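Here is a short briefing on the aromatic side chains. Look at the structure first, then work through the points below.

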Amino acid sequence: MPAVETIEHDIVIVGTGIAGLRAAIEIKRKYGDKLDVGLLSKIHIMRSHSVSAEGGTAAVLYPEEGDSFALHAWDTIKGSDFLADQDAVWLFVKLMPEEIRLLEHWGLPWSRRPDGRIAQRPFGGHSHPRATFAADKTGFFEMQTLYNKLLEYDNWERYDEWFVTNIVVEDGAYKGLYAINMRDGKLYYFKSKAAIIAAGGGGRLYNFTTYAHTVTGDGYAMAFRAGIPIKDPEFIQFHPTGLVPSGILITEGARGEGGYLINNKGERFMLRKECAPTKGELAPRDIVSRCEMREILEGRGFVDEVSGLGYVKLDLTHLGEEKINERLPAVREIAIRYAGVDPVEEPIPVRPVAHYTMGGIHTDIYYRVLDETGRWIRGLFAAGEVAASSVHGANRLGSNSTAECLTSGRITGILAAEYALRQREAPTASPERHAREEEWVWGLLKRESGTPAYEIRRKLRNAMGEYFYVFRDGDGMKTALSIIKELRRKAREEMYVEDKSKIYNTDLQAALETLNLLDAALAAVSAGLNRTESRGAHYRLDYPKRDDENWLKHTLVLRSGEDDVRITYWPVAITTWKPVERKY
């Protein structure tokens with residue numbers, strides 16, 4: 001293979017979803033042509049998974065109507081099962097109203113109240129309607145608006161269909177990253193003064209998931225391999241309403257608009273005292289998902305004849321055709337197209353579906369990437385779902401995700417710009433590091449036979465779905481960890497890439513993504529097995545109670561050898577509210 005070529009920018013952004021685009025805009029709107037920016041995406045810039053966000057973006061817009069920063073912060077912290085860092089939450093809620101207004105000024109077509117003001121609707125766990133929305137295509141419109149805004153500026157370059165393989169961290173500092181240009185099949189080294197990792201989540205660890213097939217934990221895995229701690233990876237959110245059998249998201253906005261969850265007896269089970277008698281269907285997602293699974297496991301659900309999946313039903317029929325068409329047009333289209341169900345006439349089949357990773361790359365409240373001692377890895381930032389600041393703790397409230405993408409993008413954009421302007425030149429990785437990267441990437445093409453990546457992925461997803469789903473226990477997680485380690489060995493020793501060509505070698509990309517998924521799985525299951533309590537989305541049948549005395553702390557997972565991890569812990573920032581029992 002040819003030698004690694006170098007491309008240089010002042011700042012490189014990995015990922016072009018809401019967080020990545022918002023960061024690029026902040027750099028440009030503050031410093032214009034003083035800094036040149038490279039945006040890398042393994043897909044087309046407008047195909048990032050952020051376009052799939054549906055229901056809304058949380059912000060306090062109408063304090064005169066009873067909402068407040070304190071209420072938004074309290075709802076978020078309580079929803080997090082008190083694992084959120086409260087200083088990070090306060091910063092987040094205070095920044096969000098301006099983000100909504102900026103998007104308004106940049107042209108986003110927010111849905112409106114009758115008087116013309118921006119509309120908001122209820123979302124699970126929120127005490128006030130603060131999910132700002134554009135029908136049920138909020139993420140799409142946010143992406144479109146951000147990209148159109150970015151086009152106003154010069155001195156930035158798109159790298160569509162470039163697959164980032166690894167970041168380089170040496171001597172406590174960021175020193176570049178590597179990426180394959182899928183169009184010419186060459187490996188390149190990106191040299192920059194600063195980098196923002198905005199690579200999204202890892203939801204394709206599961207078969208039944210709302211995520212696009214591109215969401216393979218690349219950012220987590222790159223950080224993990226570079227020696228950066230992964231914070232709280234055990235906390236994976238299961239959204240209560242994944243369409244059966246496909247897993248496509250049915251937005252929480254459907255329940256925010258008044259939808260009911262019903263079992264096979266026609267009961268609204270969420271109103272039971274053991275679920276959420278006050279909030280009902282608008283309880284936080286971890287609680288709703290567990291209540292749904294109890295209905296299914298105790299025989300009060302339905303069974304899909306084709307997939308065998310158990311489910312409950314989401315009933316929107318009482319909302320009427322006019323409201324569904326105005327507020328939930330995509331939900332109706334998705335249900336008809338992918339389940340053969342018109343929600344105007346009959347309920348939608350749904351069950352909990354892998355949807356979000358609360359944990360991520362260890363950062364401070366300003367999204368500066370930290371090592372295990374809390375020191376900033378100079379020049380490196382993380383934004384969006386890949387980062388753990390930690391706003392979401394053990395359970396994210398709906399509509400806080402796109403919101404954090406906006407605030408973290410804004411913060412990292414300005415801080416990365418200020419840092420880059422102070423640097424005289426970009427650091428450089430050693431030639432030896434280039435050689436190691438070439439071997440790591442191209443070595444996969446040398447094997448002439450073996451196990452294909454898709455087979456390893458299938459076994460990994462089956463294990464995660466069986467042993468690391470809504471309910472977990474120690475024996476199941478031990479089994480999952482054993483399977484993951486065996487699959488990691490198989491990937492190292494036997495994974496076979498049949499396509500030996502250079503141009504658009506998607507077979508090679510799939511193999512690299514499989515390695516990333518295996519890294520993400522190792523971190524998540526190891527952390528979950530270690531945490532002997534139930535908190536938020538991490539619910540253990542063998543330890544069903546929250547244990548603040550022993551476990552009110554963040555998990556930090558670091559790589560240790562090929563298949564082992566080293567786990568340490570990090571204090572939770574409690575600045576305003578002490579933990580109490582969660583009741584809804």
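A residue counts as buried when its relative accessible area is under 20%. Phe238, at 4%, therefore counts as buried in this model. The model is predicted. Its aromatic pairs come to 16.

**Tyr206 and Phe238**
- Tyr206 and Phe238 form an edge-to-face pair. Their centres are 5.4 Å apart, with 85 degrees between the planes.
- Tyr206 sits in the loop between strand 9 (186-197) and helix 5 (218-225), and Phe238 belongs to strand 11 (residues 236-243), so the pair ties together parts 32 residues apart in sequence.
- Tyr206 is also buried, at 2% relative accessibility.

**Trp376 and Tyr419**
- Trp376 and Tyr419 form an edge-to-face pair as well. The distance is 5.1 Å centre to centre, and the planes make an angle of 75 degrees.
- Trp376 is in strand 18 (residues 376-382) and Tyr419 in helix 10 (residues 400-422), so this pair ties together parts that are 43 residues apart in sequence.
- Trp376 is partly exposed, at 24% relative accessibility. Tyr419 is buried, with a relative accessible area of 10%.

**Ring cluster**
- Trp74, Phe82, Trp90 and Trp577 are linked into a cluster by ring pairs.

**Charges over rings**
- Arg113 lies over the face of Tyr62, 4.1 Å from the ring centre.
- Arg121 places its charged end over the ring of Phe133, at 3.9 Å from the centre.

Terms used
Residues are numbered from 1 along each chain as its sequence is written. This is a predicted model: local features need pLDDT of at least 70, side-chain atom pairs count only at pLDDT 80 or more; totals for chains, interfaces and linings use all residues. Side-chain values use heavy atoms; hydrogens and water are left out. Rings of Phe, Tyr and Trp (its six-membered ring) pair if their centres lie within 6.5 Å; planes under 30 degrees apart count as stacked, over 60 as edge-to-face and the rest as tilted. Helices (H or I, at least four residues) and strands (E, at least two) are DSSP runs, numbered from the N terminus. Buried means under 20% relative accessible area, exposed over 50%, partly exposed in between (1.4 Å probe, protein chains only). A charge sits over a ring if NZ of Lys or CZ of Arg is within 6 Å of the ring centre and within 35 degrees of the ring normal.
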